[in-house]
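Keep the viewer open while you read.

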Amino acid sequence: MLLLASAAAILNVRMSAQGGGARPPDIAGEWRLDQGEDPGQPSLSDYLGLAFNDAGRLRADTTPESIWGTPEYQCRPHSAPHQWRGVGGTRILKELDPISRETLGYRLQFMRSLDRPIYLDNRPHPPAYAPHSWSGFSTAQWEGQTLKVTTTHLKDGFLKRGGPQTSDMLTMTEYLTRHDDIMTIVQVVDDPIYLDEPYVLSITYSYDPNAGPATENCSGSAFAENGGTDRHHVPHFLPGQNSGIGEFLATENWIPFDAARGGVKTIYPEYRAVMSGTTALANLTVPVSRSANDVAKLIADQSPRDGQVHVLPVQGNIYMLVADGTNITASIGKDGIAVVNTGAAQMSEKVLTALTDVARATVNPAAPNTCFGANCPSAFGSPAWSSPYFNALVTAPRTPPGMRYVINTSASPEHVGGNEKLAAAAVFRRAGGQTGFGGATRDLGTTATIVAHEGVLAAMSTPPNKAKPAPSAAWPSETFFDEFHKLSEYVNGEPVVIYRASAANTDGDSFVFFRHSEVISAGNLLSTVSYPLIDSEKGGTIQGVIDGLNHILDLAVAEYRAQGGTWIVPGRGRLCDTADVASYRNMLVMIRDRVRDLKKKGMTLEQVKAARPTLDFDGRFGSLTGPWTTDMFVSAVYRTL
């Protein structure tokens, strides 16, 4: 009886340690892939079992495997949907709380990937304007003996090797179940941009202490493997010109060609009626399961137009402010505040409040006293006894400096609308008047210096079509005309360089590089919620936008595996890195080449629109209504080629 009681007590401890119920299995260890897609390269253009829509099929047909040869993608890891199926197995490491010894999460390692963390500590998923990564952001909870993993914030990549692509709107749900030394992963990939229903499959692993992923370092060069000496070459097929489509059917001739092209109806048993000729595909009905993702909301949430200011810390001194859908880049430090763009005029007060709050919390924050004696820092910085300065350091610290610089990347209203109010919030006296050069120069007062390309000044002071000029207090007070402009001093410990983007969105666009923080503010060159605005009447061209993005890619450096490193703040949308900029650039190159090809064939603008050269990207970046529609974008591309 005593032995039975002891056994029951031990069982009770095991159950109570997990909050009741049987303790979940330990999935940590080295695991060998038993059933998956690799080793070996899948057949090109084999879309069997994929619920492709027309956009997904076109994207797969026009994206070659050689895209991996571009400098930005040479070190790209396997996309998250493919990682479980990639050769090399996986290592699962357990992260424990040092006091309670509860499992806080797992860290997964695959051969061609960065670590993939999975959090079990009830943390929320990041906001939609936070950056995406190759492995995404994963949280999990145990449902009985199965670990359910939910993943968001994934980059665009590939669903399978051999062509099928994914958008950055996909989410992924996985169910991990261990049965002794066998682990089964059921994976649900939900990508409403390219799939008419989620892609579901299972993968089997076996526990093997001698397995685990091999180390695979990457040292990709800047040499474009498929573009010769052109580092900006983007390999792709024009629609209808991929000769590899259906090639594998020469040896797999039992597979019908139409079924190999994918489509939601082809994956159900009812499709046999189409194969036998008794039912037309258009008349076939199947029990389709729908996406759980609201695409319109997912995209809108990356650039919330809610009348509020959302603050995202980026890197070094740099913060991204999302002000009613427009991004403002801010450098905040002991030298003061420098902003890139100022948002719409009606948001100025909220933007100033947000900037002030961040400055107070970071530059001279109230904090406990940490020094005792005669050699402590005083409120003025010099050594002193600590007690006379206690309140000045702890309860009433110095107010941080205010606005110092405003930099405009364009004359768009959402970029210059807050110039007047933000510049007037400065407390740093600039020079001139009675105290400057004997009164020989104009008194610049205490307003912040507003810097922009001379085209911005022209657009604000003498707008076309007799439009009303902007208030003179909002005009740039310092302009440049060259291909770049360096601020004459370090700002918060780093150089700030403004690069012109000639004939891009307009003839006066630029982007800004904070050289020590490794952050680039891209302005209108980059958006994760729309196609780029191109105002051809003001000198904008599709090639100028592509050239501007290529310039950003030349300056930016990924931290590792084509991820992180230099962060890029878009004009609208979520925070990006080099891989995101490359993806956006690749899309524009593909669209440019398609429109150019159709134009060379003698097609009119209306015929080009009818051909839908943007079909595979419209669900992600297009719009039928609003100030910048897909039709307007295609028209701008057509007219500027």
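1. Let's begin at Gly 573, which sits in the loop between β25 (567–572) and α13 (helices are DSSP runs of H or I, at least four residues, and strands runs of E, at least two, numbered from the N terminus). Gly 573 counts as buried because its relative accessible area is 0%; buried means under 20%, exposed over 50%, and partly exposed in between, with a 1.4 Å probe and protein chains only. Leaving aside neighbours within four places in sequence, Gly 573 is in contact with Gln 302, Ser 303, Met 320, Asn 327, Thr 528 and Val 529 (contact means heavy atoms within 4.5 Å). Gly 573 and Ser 530 are 43 residues apart in sequence, with 8.8 Å from C-alpha to C-alpha.

2. A word on ground rules: this is a predicted model, in which local features need pLDDT of at least 70 and side-chain atom pairs count only at pLDDT 80 or more, while totals for chains, interfaces and linings use all residues. Residues are numbered from 1 along each chain as its sequence is written, and side-chain values use heavy atoms, with hydrogens and water left out.

3. In the largest nonpolar core, which has 53 residues, Ile 568, Leu 588 and Phe 633 touch the most other members (a core is a set of buried Ala, Val, Leu, Ile, Met, Phe, Trp, Tyr and Cys residues joined through side-chain atoms within 4.5 Å). Helix α13 gives this core its largest share, 10 residues. Not counting residues up to four places away in sequence, Leu 588 touches Pro 532, Ile 542, Val 545, Ile 546, Leu 549 and Phe 633. Another core, of 31 residues, lies apart from the largest one and includes Phe 52, Ala 80, Ala 140 and Leu 176.

4. How many cavities of 30 Å³ or more does the structure hold? There are 4. A cavity here is a set of points on a 1 Å grid over the protein atoms alone where a 1.4 Å probe fits but cannot get out, and lining residues have an atom within 4 Å of a point. Points are joined across faces, edges and corners, and a volume is the space filled by probe spheres set on them.

5. The largest cavity has a volume of about 240 Å³. Of its 18 lining residues, Asp 156, Asp 168, Ser 583, Arg 620 and Phe 621 lie nearest the centre. Two or more lining residues come from each of β24 (519–527), α13 (578–600) and α15 (615–621).

6. The second largest cavity, at about 140 Å³, is lined by 16 residues, with Arg 59, Thr 63, Tyr 73, Gln 165 and Asn 586 nearest its centre. Helix α13 turns up again here, giving the largest share of the lining, 4 residues.

7. Arg 261, between α4 (257–260) and α5 (272–276), counts as buried because its relative accessibility is 15%. Arg 101, between β2 (90–96) and β3 (103–110), is exposed, at 67%. Its phi is near 60°, a positive value in a residue other than glycine. Arg 612, between α14 (605–611) and α15, is partly exposed, at 44%, and has a positive phi near 55°. Most residues other than glycine have a negative phi.

Definitions and conventions: 1 Å grid on protein atoms, 1.4 Å probe; cavity = no way out; pocket = protein on both sides within 12 Å on 5 of 7 lines; lining within 4 Å.
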